[in-house]
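Try each task before reading its solution.

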Amino acid sequence: MAFMHFDESMQMIDDLAIKNYKTKQLPLMESQGFILAEDIVADHNSPEFPTSAMDGYAVIHKDLSLGRLHIGSINPAGSDLKEEVVSGMCIKTFTGSLMPHGADTLIPIENVKVDGDEIIIKTEVPQGFSVREPGENYAKGQMLIPKGTKIDFPQIGVMASLNIPQVTVYEKPTVAIISTGSELLELGEEQTSDAQIRSSNNYILEAIVKKYDGVPLQLGCIKDDKETITKNISDALNKADIVVTTGGVSVGDFDFVKDVIYELGCDVVFKGVRVKPGQHIMVARKEDKFIIGLPGFAYSSTVTALLYLVPLIEKLQQGQSAMHRVNATLKEPFIKRAKKAEFTACNVSLEKGRYYVDFEGKKVGSSAILTNMLGNVALLVTSEDDTSKEIGDEVSVLLFG
Ligand SMILES: Nc1nc2c(c(=O)[nH]1)N[C@H]1C(S)=C(S)[C@@H](COP(=O)(O)OP(=O)(O)OC[C@H]3O[C@@H](n4cnc5c(N)ncnc54)[C@H](O)[C@@H]3O)O[C@H]1N2
Ligand code: MOO
């Protein structure tokens, strides 16, 4: 099967339609970090009534020219004052108090001198000064937070002010993680042969899932044995919304994962993309569940998880992309090595509002070099039609958010 263009594979992920989204209700204070599954619309004005924004005296503006006003009464915040301001008088009013009826302006304490039960106007203020009009913060019917927003402190605050104790959110998808490879040792497992290597893939994937709003279900490492792989993937598919595997997707005699995915009766969205690293990537679906077969190499599985797994986690929650592309200037030449879309680990720095890219400390070699992901890392993105680049050239860089 011919490998597809990287952009086409991205478009196919984008076009995947979800039939039934999973949502749930959460108490407001447990909803931080979830994605909102309902529009939040104001059901009242804030403030509901004209409210004082300073400590001072509520007056009728045209009375300021009288120079002196009688203090009729006192109106602390929280009191439901019935008395009205009439010409020639004022009511002492505080920050957060409702403006008394009749008054249109609040003259601050600093602008007057108190003389017995009267105030003397020292410095006038314009009409309406320090009066918060109804709807100043938000107006009844106003759409405040659209569905699809990730809930963080500003949303929590605004929803609290709207008296929303329960909120409908998308469930974070459960992502089952399986690494395949008979050579793999889990964390802490004793090494018994020189042919064994320590697995990093299933752990880095768990961390990626957590960072990008999924719930990881760590299933560890399994052997390159077709029966074991079949059983583990089909069990995982029952328990999770997304199953992600690493290894076993290329052309070796023991690369069973791709065959198992076909044999489980999944619809293969694509298999094989002109991308480096990760050309053997496989994405399949079974109704609203997904299986992603990532290549075994540590750098490949990490990059392809960011490119394909993260958007699927976001898609199941109607979320927005946490990663974004920016333009940057090359501080070193970049040698284009493959006629594929390439994602090359680079160092990114921000200087005077511009991003710069260099490759200091980054090794050129196989897709096993996971340490290239350390440091202030981002991915330099080039397309299959790009050629090598020079110092000073503008390039596109993917930041991890
Ligand atoms: N004849 C060909 N050989 C290979 C091709 C090809 O097209 N023709 N493609 C190469 C590319 S590109 C990649 S990427 C790998 C992908 O192979 P698999 O996905 O089948 O992965 P494995 O062979 O199982 O493993 C590859 C490599 O990664 C190590 N590995 C595996 N799992 C882990 C883990 N959990 N943690 C850390 N490292 C892991 C494994 O030991 C191998 O060294 O195929 C190329 N070959
Ligand atoms: O798929 Mo491989 O990741 O290009 O090394």
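Two residues count as in contact if their C-beta atoms, placed from the backbone, lie within 7 Å. This is a predicted model, where local features need pLDDT of at least 70 and side-chain atom pairs count only at pLDDT 80 or more, while totals for chains, interfaces and linings use all residues. Residues are numbered from 1 along each chain as its sequence is written, and chains are lettered from A and ligands numbered from 1 in the order in which they are written.

**Exercise 1. Find the residues that Ile242 is in contact with, leaving aside its neighbours within four places in sequence.**

Step 1. Now zoom out to the core. A nonpolar core is a set of buried Ala, Val, Leu, Ile, Met, Phe, Trp, Tyr and Cys residues joined through C-beta atoms within 7 Å. Buried means that 20 or more other C-beta atoms lie within 10 Å of a residue's own; 12 or fewer makes it exposed, anything in between partly exposed, with C-beta atoms placed from the backbone.

Step 2. The largest such core has 62 residues, and Ile242, Val243, Val244, Ile292, Leu309 and Ile313 have the most contacts inside it. Its largest share, 11 residues, comes from α6. Helices (H or I, at least four residues) and strands (E, at least two) are DSSP runs, numbered from the N terminus.

Step 3. Where does this core lie? Domain 1 (4-21 + 172-315) and domain 4 (324-399) both give residues to it, so it lies between them.

Step 4. There is also a second, separate core, with 17 residues, including Ala58, Ala103, Val112 and Ile121.

**Exercise 2. Describe how domain 1 meets domain 4.**

Step 1. Start with the division of the chain: domain 1 (4-21 + 172-315), domain 2 (23-43 + 146-170), domain 3 (51-132) and domain 4 (324-399). These bounds come from an automatic or database domain assignment.

Step 2. Taken over C-alpha atoms, the centres of domain 1 and domain 4 are 25 Å apart. Their contact takes 14 residues from domain 1 and 14 residues from domain 4.

Step 3. Which elements are on the domain 1 side? β20 (273-276) and α6 each supply at least two residues there, and α6 gives the most, with 5 residues.

Step 4. Sort that side by class and you get 7 nonpolar, 5 polar and 2 charged residues. For this sorting, Ala, Val, Leu, Ile, Met, Phe, Trp, Tyr, Cys and Pro count as nonpolar, Asp, Glu, Lys and Arg as charged, and the others, Gly among them, as polar.

**Exercise 3. Look around the two ligands: which residues are around ligand 2?**

Step 1. A residue is near a molecule if its C-beta atom, placed from the backbone, lies within 6 Å of it.

Step 2. Begin with ligand 1. It has 27 residues around it, with Asn201, Gly247, Ser250, Pro295 and Gly296 coming nearest. α3 (201-211) and α6 (298-315) each supply at least two residues of this shell, which holds 9 nonpolar, 16 polar and 2 charged residues.

Step 3. Ligand 2 has Lys276, Pro277, Gly278, Gln279, His280, Pro295, Phe297, Ser300 and Ser367 around it. By class that's 3 nonpolar, 5 polar and 1 charged.

Step 4. Check the backbone here too: the peptide bond from Lys276 to Pro277 is cis, with omega near 0 degrees. Pro277 lies in the loop between β20 and β21 (282-286).

**Exercise 4. Decide whether Ser321 is buried or exposed.**

Step 1. Find Ser321 in the loop between α6 and β23 (324-330).

Step 2. Count other C-beta atoms within 10 Å: there are 11, so Ser321 is exposed.

Step 3. Not counting residues up to four places away in sequence, Ser321 touches Pro311 and Glu314.
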